[in-house]
Amino acid sequence: MSLLIENVAIAPVAGPEIESGHIWIEGDRIVALGPGAAGVPVLARASGDPDVVRVDGTGCLATPGLVNTHHHLYQWASQGLAQDATLFEWLVALYQVWAAMDADVVKGAASAGLGWLALSGCTTSSDHHYIFPKGRGDLFAAGIEAAREIGIRFHPARGSMDRGQSHGGLPPDAVVEELDDILAATAEAVDTYHDPSFSSMLRVVVAPCSPFSSSAELMTESAALARAKGVRLHTHLAETLDEDEHCLAQFGLRPVDYMEKLDWLGPDVWFAHAVHLSDADIGKLAATGTGSAHCPSSNGRLGAGIARVSEMVRRGANVGLGVDGSASSELTPLAGEMRQTLLFQRARYGPAALTARQALELATLGGARNLGREAEIGTLEPGKLADIALWRMDGPFTSAVADPVCALVFGPPPPLARVLVGGRTVVEDGELKTVSQDAAGRAGAEARRRLLRLAEDQGFRAVKEVHHH
Ligand SMILES: [Zn+2]
């Protein structure tokens with residue numbers, strides 16, 4: 001199967017932008033791209049071969065597919081709760097609801113969440129799942145099954161928490177696991193699912209939840225496990241000032257220094273949020289090649305603060321974007337996080353803080369670097385995987401903007417003519433093609449009803465209180 005996109009504007013992120021050109025895809029790879037029409041051999045083949053799909057990209061902008069580097073898909077089922085809480089208040093309220101989840105909840109939530117991501121131009125997503133109540137089915141497999149159905153490239157992180165309230169942590173003891181169980185389950189997840197190949201649709205990540213819910217031993221054992229198996233490490237870090245205080249009080253160190261002590265800085269690590277960083281912290285991230293996932297809508301909703309993204313980029317610390325879980329970001333589309341990032345940085349640091357092109361780079365190449373996949377995805381180049389978002393820029397309201405990258409980033413996300421993952425069409429004309437879009441959406445709504453019913457069955461009586469606080 002081959003695909004030729006013609007007459008299309010291209011923002012490849014690497015190399016010069018193309019006002020009108022072509023992209024030639026064979027199998028799951030980009031073989032050629034450039035200005036004007038494709039070369040004679042390609043055109044000859046495209047005109048004679050019924051297995052070649054020709055796409056007229058007139059009025060469209062092709063960018064690398066967007067890469068989402070922080071999410072909790074199960075949270076689709078707990079949107080709209082604890083609306084005005086701080087992070088710690090929000091967590092304490094929601095742990096009780098999440099404790100009731102089962103594999104059906106995760107499957108439905110992940111189907112809706114990943115469908116929603118694909119519909120905003122996302123072709124690769126990570127998922128950080130860190131709550132595994134006993135006897136409730138295979139929650140890790142449920143997310144993977146949903147990703148396979150939607151057809152999105154997936155980097156599920158086997159999360160974990162072992163520091164319940166009785167050990168000075170934030171979560172109730174009922175939602176944490178024992179260290180040995182966590183390490184065994186995490187090793188099994190890697191052995192069962194991780195595919196290190198170039199074209200890989202699934203790579204597993206090791207991801208204890210946060211310094212306030214995971215013990216130092218879990219952090220160091222997880223790092224050793226991940227490095228022994230050659231997979232990446234992810235955790236939440238420096239999200240709020242409450243966390244700063246918690247780390248200082250419990251460990252005598254601020255979050256980045258604590259991570260350094262635990263051997264958690266390095267090119268195989270990326271942190272979610274990294275909002276509250278000192279100059280020295282940014283220097284440590286840059287020097288060690290440690291990445292960060294910036295989640296501006298979630299940070300805004302929880303009043304966490306604004307990450308120093310433009311300065312991190314300037315100093316060479318890698319930043320990708322993330323929507324974060326839907327319980328704190330609601331229905332945030334990944335494409336919209338480019339705009340949110342740009343506006344937050346400019347509101348705080350002035351109009352020169354970040355350009356539209358830099359925001360696009362964070363959402364694509366920055367994300368690919370966080371996931372260790374910059375050789376395969378994140379830019380449009382011959383030899384890379386054909387993960388492409390084709391944005392329709394010729395609508396009645398967007399056509400007034402001459403610069404399509406400006407329109408894409410400064411404006412609301414434009415409609416999608418097509419989303420390709422490894423050359424396979426996942427979205428066409430704004431509709432999911434791999435699964436029924438209605439069914440995926442309804443599965444998310446059913447997951448929410450099921451989760452709240454299960455939570456009430458388990459004696460959780462505070463659903464209404466959660467609503468009103
Ligand atoms: Zn998160």
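1. Let's start with the record. UniProt, in an unreviewed entry, places the feature "domain: Amidohydrolase-related" at residues 62-426. Keep in mind while you look around that this is a predicted model.

2. Domain 1 is put together from two pieces, 2-64 and 382-430, while domain 2 covers 66-370. Taken over C-alpha atoms, the centres of domain 1 and domain 2 are 30 Å apart.

3. How many residues of each domain are in contact with the other? On the domain 1 side there are 22, and they meet 25 residues of domain 2. Several elements of domain 1 supply at least two residues each to the side that touches domain 2: β5 (60-64), β14 (388-392), α15 (404-410), β15 and β16. Helix α15 gives the most, with four residues. If you sort the residues on this side of domain 1 by type, you get 17 nonpolar, two polar and three charged.

4. Next, have a look at Pro-404, which sits in helix α15. Is Pro-404 buried or exposed? Pro-404 counts as buried because it has 24 C-beta neighbours inside 10 Å, and the cut-off for buried is 20 or more. Leaving aside residues up to four places away in sequence, Pro-404 touches Ala-9, Leu-61 and Met-393. Ala-327 is another matter: it is 77 residues from Pro-404 along the chain, and their C-alpha atoms are separated by 32 Å.

5. Follow the chain on to strands β15 (residues 416-421) and β16 (residues 424-428). These two run antiparallel and are joined by four bridges. Val-421 stands opposite Arg-424 in β16. The hairpin of β15 and β16 has two residues between the strands, and here Gly-422 takes a positive phi near 55 degrees.

6. Then the chain turns again. Strand β16 also pairs with β17 (residues 431-432), in the antiparallel sense and over two bridges. Which residue in β17 is the bridge partner of Glu-428? That would be Glu-431. This hairpin, too, has two residues between its strands, and Asp-429 in the turn has a positive phi of about 50 degrees.

7. Why stop at a positive phi? Because most residues other than glycine have a negative one. Asp-324 is another case to check: its phi is near 65 degrees, a positive value in a residue other than glycine. You'll find Asp-324 in the loop between β13 (319-321) and α12 (326-329). With 29 C-beta neighbours inside 10 Å, Asp-324 counts as buried.

8. Finally, go to the other end of α12. Glu-330 lies in the loop between α12 and α13 (334-349). Glu-330 also has a positive phi, near 55 degrees, and is a residue other than glycine. Is Glu-330 buried or partly exposed? Glu-330 has 16 C-beta neighbours inside 10 Å, so it counts as partly exposed.

Conventions
Residues numbered from 1 in each chain as written. Predicted model: local features only at pLDDT ≥ 70, side-chain atom pairs only at ≥ 80, totals over all residues. UniProt positions renumbered as here; feature names shortened; annotations may be inferred. Pairing = 2+ DSSP bridges. Domains from an automatic or database assignment. Contact = placed C-beta atoms within 7 Å. Nonpolar A, V, L, I, M, F, W, Y, C, P; charged D, E, K, R; others polar. Buried ≥ 20, exposed ≤ 12 C-beta atoms within 10 Å, placed from the backbone.
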